[in-house]
Amino acid sequence: MNIACWAVAGLLALFSFYSGALKVSRSRDRLRPMMAWVDRVPLPVLRALGAVELLGATGLVLPRLTGIAPLLAPAAAIGFVLLQAGAITVHLTGEDRRITLNVGLAATAAVTVWLGLATS
């Protein structure tokens with residue numbers, strides 16, 4: 001079960017790190033083809049979301065890797081569940097109704113919570 005936890009948390013962390021890095025570093029024009037909703041939020045909010053994703057990705061891996069406060073990893077995964085719930089809401093209230101990826105990420109985060117608590 002520990003290997004499954006690392007695999008699921010690692011995949012979620014990689015995706016979140018990549019997504020967060022894009023939101024922090026790219027302009028709206030470069031993000032628009034991938035994320036149709038970027039024009040609906042102020043730029044500081046977009047950058048803050050990216051920073052939250054980067055910190056969350058770190059929180060998924062670092063506590064378990066170092067052995068310091070390993071229960072912070074499931075807490076980070078709970079944060080990702082909430083983040084994806086918000087993302088689904090943003091998609092459904094706008095013209096972009098593609099939520100399949102967000103539902104998959106929310107499910108992955110929920111599995112990470114479960115596995116993280118089961119192995120702690």
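**View 1. Arg64, a buried charged residue without a salt bridge.** Arg64 lies in helix H3; helices (H or I, at least four residues) and strands (E, at least two) are DSSP runs, numbered from the N terminus. The residue is buried and forms no salt bridge. Here buried means under 20% relative accessible area, exposed over 50%, and partly exposed in between, with a 1.4 Å probe and protein chains only. A salt bridge requires a side-chain nitrogen of Lys or Arg within 4 Å of a carboxyl oxygen of Asp or Glu. The nearest side chain of opposite charge to Arg64 is that of Glu53, 20 Å away; Lys and Arg count as positive and Asp and Glu as negative, while His and the chain ends are not counted. The side chain of Arg64 does make a polar contact with the side chain of Thr119, at 3.0 Å. A polar contact is a pair of N or O atoms within 3.5 Å; within protein, one must be able to donate a hydrogen and the other to accept it, and residues adjacent in sequence count only if both atoms are side-chain atoms. The model is predicted: local features need pLDDT of at least 70, side-chain atom pairs count only at pLDDT 80 or more, and totals for chains, interfaces and linings use all residues. Residues are numbered from 1 along each chain as its sequence is written, and side-chain values use heavy atoms, with hydrogens and water left out.

View 2. The structure holds 1 cavity of 30 Å³ or more, and the volume of the largest cavity is about 40 Å³. On a 1 Å grid over the protein atoms alone, a cavity is a set of points where a 1.4 Å probe fits but cannot get out, and a pocket is an open set with protein on both sides within 12 Å along at least five of seven lines; lining residues have an atom within 4 Å of a point. Grid points are joined across faces, edges and corners, and a volume is the space filled by probe spheres set on the points. By class, the lining comprises 5 nonpolar, 2 polar and 1 charged residues; Ala, Val, Leu, Ile, Met, Phe, Trp, Tyr, Cys and Pro count as nonpolar, Asp, Glu, Lys and Arg as charged, and the others, Gly among them, as polar. Cys5, from helix H1, is buried because its relative accessible area is 1%. The C-alpha atoms of Cys5 and Val113 are 8.9 Å apart, although 108 residues separate them along the chain.

**View 3. The salt bridge between Glu53 and Lys23.** The closest N and O atoms of Glu53 and Lys23 are 2.3 Å apart. This pair joins distant parts of the chain, with Glu53 in helix H3 (residues 43-66) and Lys23 in helix H1 (residues 2-25), 30 residues apart. Both Glu53 and Lys23 are buried. Across the whole structure, 3 salt bridges are found.

**View 4. The salt-bridge network of Asp29, Arg32 and Asp39.** Arg32 meets Asp29 in a salt bridge of 2.8 Å, N to O, and meets Asp39 in another of 2.7 Å, N to O. Asp29 is exposed, as its relative accessible area is 55%. Arg32 is partly exposed at 33%, and Asp39 is partly exposed at 44%.

**View 5. The largest pocket.** This pocket holds about 620 Å³ of space. Its lining has 29 residues, and those closest to the centre are Lys23, Met35, Trp37, His91 and Asn102. H1, H3, helix H4 (72-93) and helix H5 (100-119) are the elements that give two or more residues to the lining. The lining divides by class into 18 nonpolar, 7 polar and 4 charged residues.

**View 6. Ala69, in the loop between H3 and H4.** The phi of Ala69 is near 50°, a positive value in a residue other than glycine. Most residues other than glycine have a negative phi. Ala69 is partly exposed, with a relative accessible area of 40%.
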